[in-house]
Amino acid sequence: MSQLHPNLDIDQANQDLQGKSPEEIVAWALTQAKNPIITTNFRPYESAILHLVAKQRPDITVLWVDSGYNTDATYQFANKVIRDLNLNVITYIPKQTAAHRDATMNGIPGIDNPQHDEFTDQVKLEPFRRALDELKPDVWFNAIRKDQTEFRQGLDVLSLSKDGVLKVAPLFEKTDADLDVYLEEHDLPNEFDYFDPTKVEESRECGLHTQL
C-alpha cells in the first residue's frame with residue numbers, strides 16, 4: 001500500500017480503467033492528485049502525452065531531465081512544444097557536464113562497458129531521483145506504452161514507484177499508428193531525430209521504470 005494513496009486499490013483501479021480512453025484515464029488520475037507531474041524526454045510522439053494532460057491541467061509541472069546529449073532537432077522540437085502548449089517545464093540536469101564526463105569516460109560508454117551503469121546514473125537516474133525528491137509528486141504521468149519493450153508488456157496503465165508515487169500511463173495501450181492519428185487531429189508536431197545515450201538500443205530499459 002502506498003502512503004501517498006492509502007485508499008487506492010491499484011489492481012481494482014487498473015481493472016476499472018480497462019477500455020477507458022486516454023482522456024478518461026487522465027481525468028480519473030487527476031482526481032487522485034494533489035501534486036501531479038508529467039515527465040518527458042521529448043522523444044518521438046511526446047507531444048501527444050503533453051497535450052493530452054496539459055489540456056486538462058494547463059499548469060501541471062512538466063519535468064524534463066536533459067542529459068545534455070540530445071540532438072539539435074530534439075532541442076528545437078522541445079522549444080516548439082513548450083512554446084505552443086505553454087508548458088510549465090522544470091528542467092533538471094546532471095551534476096557533471098557532458099564535456100567532463102566524455103573526457104573521464106572516453107565518450108559515451110557502450111552497453112557492454114562496466115562504466116555504462118555509472119553513465120546512466122549520472123545523466124538520467126540521479127537527476128530523476130533528485131527531481132522526485134524535491135518536487136514530491138503524488139501522481140506521475142508518463143508516456144510508456146505496452147508495445148515499446150518486453151518489460152513494459154508486463155506493466156499496466158497504473159503502477160507505483162518505489163516511493164509510492166502513482167505512475168499513470170494514459171497511452172499504454174496505444175500504438176504509433178494511434179498516435180499518428182492523435183497528432184494529426186490536434187495539429188501537433190513530431191520529431192524522429194532523437195538519441196537516448198542510456199539505452200543505445202530501442203528495446204532496452206534505462207532503469208527509470210525498473211528502478212524508480
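I started with Ser 47: it is buried, with a relative accessible area of 1%. Buried here means under 20% relative accessible area, exposed over 50% and partly exposed in between, with a 1.4 Å probe and protein chains only.

**Ground rules.** I am reading a predicted model, where local features need pLDDT of at least 70, side-chain atom pairs count only at pLDDT 80 or more, and totals for chains, interfaces and linings use all residues. Residues are numbered from 1 along each chain as its sequence is written, and side-chain values use heavy atoms, with hydrogens and water left out.

**Ser 47.** I placed Ser 47 in helix α3. Helices (H or I, at least four residues) and strands (E, at least two) are DSSP runs, numbered from the N terminus. I then listed the partners of Ser 47, skipping its neighbours within four places in sequence: Phe 77, Val 81, Leu 85, Leu 183, Leu 188 and Pro 189 are in contact with it. Contact means heavy atoms within 4.5 Å. I also looked up a polar atom of the Ser 47 side chain, and the backbone oxygen of Pro 189 lies 2.7 Å from it. For a C-alpha to C-alpha check I took Ser 47 and Ile 82, which are 35 residues apart in sequence and 9.3 Å apart in space.

**Helix α3.** Next I asked how many residues of α3 (residues 46-54) are buried. I got 9 of its 9, so I wrote the helix down as mostly covered. The buried residues of α3 are Glu 46, Ser 47, Ala 48, Ile 49, Leu 50, His 51, Leu 52, Val 53 and Ala 54. What do they pack against? I found α2 (22-31), β1 (36-40), β2 (61-65), α4 (72-85), β4 (139-141) and α7 (176-185).

**α3 with α4.** Two packed helices are described by the angle between their axes and the distance between the axes. I looked up both for α3 and α4: the axes come within 11 Å and cross at roughly 20°. Axes are lines fitted to C-alpha atoms, for helices over the stretch in contact, and angles run from 0 to 180 degrees between N-to-C directions. α3 and α4 are therefore roughly parallel to each other. My cut-offs: under 35 degrees is roughly parallel, over 145 roughly antiparallel, 65 to 115 roughly perpendicular and the rest oblique. The crossing of α3 past α4 is right-handed. A crossing is left-handed if the near helix is turned anticlockwise from the far one by less than a right angle, and right-handed if clockwise. From α3, Ser 47, Leu 50 and His 51 make the contact, and from α4, Phe 77, Val 81 and Leu 85. Sorted by class, the residues of this α3 and α4 contact are 4 nonpolar, 2 polar and no charged. Ala, Val, Leu, Ile, Met, Phe, Trp, Tyr, Cys and Pro count as nonpolar, Asp, Glu, Lys and Arg as charged, and the others, Gly among them, as polar.

**α3 with α7.** Ser 47, Ala 48, His 51 and Leu 52 of α3 meet Leu 179, Tyr 182 and Leu 183 of α7. The classes for the α3 and α7 contact are 5 nonpolar, 2 polar and no charged residues.

**Asp 196.** I found Asp 196 in the loop between α7 and α8 (208-211). Asp 196 counts as buried, at 10% relative accessibility. Which side chains does its own side chain make polar contacts with? I noted Lys 124 at 2.7 Å and Thr 198 at 2.6 Å. A polar contact is a pair of N or O atoms within 3.5 Å; within protein, one must be able to donate a hydrogen and the other to accept it, and residues adjacent in sequence count only if both atoms are side-chain atoms.

Most residues other than glycine have a negative phi, and most peptide bonds are trans. Asn 86 is in the loop between α4 and β3 and counts as exposed at 64% relative accessibility. Asp 187 has a positive phi of about 55° although it is not a glycine. I located Asp 187 in the loop between α7 and α8, exposed with a relative accessible area of 70%.
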